[in-house]
Amino acid sequence: MGTNIVFIGLGNMGLPMAQNLVRAGHAVTGFDLLPASVRQFADGGGLVSDDQAAAIQAADIVITMLPASRHVLGAYLGDAGILAQARPGTLLIDCSTISTEAARQVARAAQEKGMPMLDAPVSGGTAGATNGTLTFMVGGEASALAAARPYLEVMGKAIFHAGGAGCGQTVKICNNMLLGILMIGTSEAIRLGVANGLDPQVVSDVMAKSSGRNWTLEVYNPCPGVAENVPASRGYTGGFGVDLMLKDLGLAVESALASGASVPLGALSRNLYSLHSKAGAGALDFSSIYQMLGKE
């Protein structure tokens, strides 16, 4: 049996990531607040336990994939947190997308406990998580990344060392701000074509071979029926939620305010996703912004 891993957070991204580690031969014990997610993990060969503290104490590696900064801080810090339960030397990898400062706060606390820690947020969506083709943006010590690399390579195809603690989160915030902007722009362009009588498939095909080419257009098309195996073609379910994109855009705006950077399109995108969420679309995939921009 391979390395003993605890994986906390078996959501749309975390579950397939953990399953890939299981398929690679590692002993992976999974935890999630939703019993259905844990059962699905167990059905795929993952290990489950009622005693998270004991599992963490026995782990060589702890990986977390949680929704927001407050969840990560709550999971790692405090008397019942991961840092209080894990053995010194345990490798900690947080794949959540959180604020740079929160990542640095946890990393400092981990260092004091003698535990190497990486912030390693990902890009590539649920398809990338399932196929093991994610991009990891890593912050932390080079030695910790060297130890983590064999496991990250099971879950992803590209691993970038962005710098010290928190730098992975900074890069991820930049990436997801651009992703949100691109999704809105792609949706607007397709909507404009449709409003003028064009077939959205034709509009998409032409732009995909032209200067408007981008990932949201080619891989994650927001118009229903244009592409298979994307959230838009299954009622905008099973993807990256509107509320998660809203959270990431909020992190981008906060980072810009703190650093004095100018992000007018990022701020506008955040406002549009906020309106979309307040209209009841928070749980839908973020490509559902296409729906907000017009009606067929």
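Trainee: Which residues line the largest cavity?

Mentor: V72, D94, I98, A103, V106, A107, M117, L118, D119 and A165 line it. The model is predicted: local features need pLDDT of at least 70, side-chain atom pairs count only at pLDDT 80 or more, and totals for chains, interfaces and linings use all residues. Residues are numbered from 1 along each chain as its sequence is written, and side-chain values use heavy atoms, with hydrogens and water left out.

Trainee: Why is a space called a cavity, and what makes a pocket?

Mentor: On a 1 Å grid over the protein atoms alone, a cavity is a set of points where a 1.4 Å probe fits but cannot get out; a pocket is an open set with protein on both sides within 12 Å along at least five of seven lines. Lining residues have an atom within 4 Å of a point.

Trainee: What volume does the largest cavity have?

Mentor: About 50 Å³, where a volume is the space filled by probe spheres set on the points, and grid points are joined across faces, edges and corners. The count is 1 cavity of 30 Å³ or more.

Trainee: How do the residues of its lining divide?

Mentor: Into 8 nonpolar, no polar and 2 charged. Ala, Val, Leu, Ile, Met, Phe, Trp, Tyr, Cys and Pro count as nonpolar, Asp, Glu, Lys and Arg as charged, and the others, Gly among them, as polar.

Trainee: What volume does the second largest pocket have?

Mentor: About 240 Å³. The residues of its lining divide into 6 nonpolar, 4 polar and 2 charged.
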